[in-house]
Amino acid sequence: MFVLVAPGQGAQTPGFLSPWLELPGAADRLAAWSDAIGLDLTHYGTQADADEIRDTAVAQPLLVAAGLLSATALGDTAPGAVAGHSVGEITAAAFAGVLDDTAALTLVRKRGLAMAEAAAVTETGMSALLGGDPEVSVAHLEKLGLTPANVNGAGQIVAAGTLEQLAALAEDKPEGVRKVVPLKVAGAFHTHHMAPAVEALAKAAEELDPADPKVPYVSNKDGQAVASGAEVLTRLVGQVANPVRWDLCMETFKELGVTALIEVCPGGTLTGLAKRALPGVQTLALKTPADLDAARELIAAHS
C-alpha cells in the first residue's frame with residue numbers, strides 16, 4: 001500500500017507553481033481558489049520572491065493549493081493512508097474527504113493569518129537540529145527555554161523559540177548534533193507562542209461541516225489514525241500550539257504496512273525523512289509535473 005503525504009511550511013520556493021499551471025484546468029482552479037480566499041495564489045506561486053512567500057499568511061494557503069493541484073494531477077488514487085506535516089495536515093484532510101478543497105483553503109487562509117498575527121507579538125523562529133540523540137537534544141533545548149516543536153524522526157528535531165534562544169542554540173549545540181539549520185519560517189510554530197491562533201482557528205472551524213475520512217488519516221498529535229471528521233478538525237485546531245510528532249506518524253506507516261510513500265508538491269522534505277526512517281519503503285517527491293508518470297507507476301505497483 002502507499003501513503004500520500006503533504007509537506008509543511010518552509011518547503012516553498014519562488015516560482016514553484018509555474019510548471020503546474022501549464023496542466024489543463026490548473027490555472028482556472030487556482031484562480032477560483034484565489035477569489036474564494038482573497039489572496040492571489042497565482043502571483044505568489046509564480047512571480048513572488050522568497051521573502052514574499054516566507055510570510056506565514058501567504059505560505060500556508062500556497063502550500064495547500066500546491067498539494068491539491070499536484071494530487072489532482074495524479075488522477076484517481078486510492079492511498080492506504082494520508083498524512084501531512086504541520087499545515088500539510090489540512091491538505092491531507094482534503095485528500096481524505098474530511099474537507100472539500102475550498103473549505104480547506106478557507107481554513108488554511110484563516111490559520112495563516114492567525115499564526116502570522118501571533119508570531120508578530122515576539123520575534124521568534126525555528127531551527128532544525130541534525131543528528132544527535134533525541135533525549136539528549138530535547139533536554140538541552142528545554143535548558144535553553146526552547147520547545148522541540150517538530151520531532152521528525154530520522155535524527156531530526158526542530159527547535160522553536162525566540163531569536164535570542166535560537167542564537168544561543170547555534171552557539172551551544174546539544175552533544176552529538178552535527179548542525180543547526182535556521183528554517184524559512186516566520187514564527188515559533190507549534191509552541192505556546194501560537195496560543196492566540198488556536199482561539200481564532202477554533203472559531204473558523206465552527207463554520208465547517210467535516211465528513212469522516214474515507215481513508216485512514218494519520219495525525220501529527222500522536223501518530224494515530226483518526227476515523228472521525230470532527231476529531232480531525234479538533235486536532236487541526238489544537239496542533240497549531242502543540243508539537244508535531246512526525247516520528248510517530250512514520251511508526252504508524254510501518255504498522256499499517258506501507259510499502260511506498262508519495263509526497264505532493266513541493267515534495268522533498270518528507271521523502272528525505274522517510275528514506276532514513278523507513279528502509280525498504282519506496283519514496284517519490286512530486287516536484288514538477290515531470291514526476292507524475294513515475295508517481296503513477298509507483299501507485300500502480302503498490303495499490
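Predicted model: local features only at pLDDT ≥ 70, side-chain atom pairs only at ≥ 80, totals over all residues.
The axes of helix α11 (residues 246-256) and helix α12 (residues 269-277) come within 11 Å and cross at roughly 60 degrees, an angle taken between N-to-C directions on a scale from 0 to 180 degrees. Residues are numbered from 1 along each chain as its sequence is written, and side-chain values use heavy atoms, with hydrogens and water left out.

**Helix pair**
- Trp246, Met250 and Lys254 in α11 meet Leu270, Leu273, Ala274 and Ala277 in α12, where contact means heavy atoms within 4.5 Å.
- The residues of this contact divide into 6 nonpolar, no polar and 1 charged.

**Nonpolar cores**
- The largest nonpolar core has 79 residues, of which Leu107, Tyr217 and Leu286 touch the most other members; such a core joins buried nonpolar residues through side-chain atoms within 4.5 Å.
- Helix α4 (residues 56-73) gives the largest share of this core, 10 residues.
- Apart from it lies another core of 18 residues, including Ala81, Leu261 and Ala274.

**Ser86**
- Ser86 sits in the loop between β2 (81-84) and α5 (88-95), and counts as buried because its relative accessibility is 11%, buried meaning under 20% relative accessible area with a 1.4 Å probe.
- Not counting residues up to four places away in sequence, Ser86 touches Arg111, His190, Asn220 and Val244.

Notes. Helix = DSSP H or I, 4+ residues; strand = E, 2+ residues; numbered from the N terminus. Nonpolar A, V, L, I, M, F, W, Y, C, P; charged D, E, K, R; others polar. Buried < 20%, exposed > 50% of the residue type's maximum accessible area, 1.4 Å probe, protein only.
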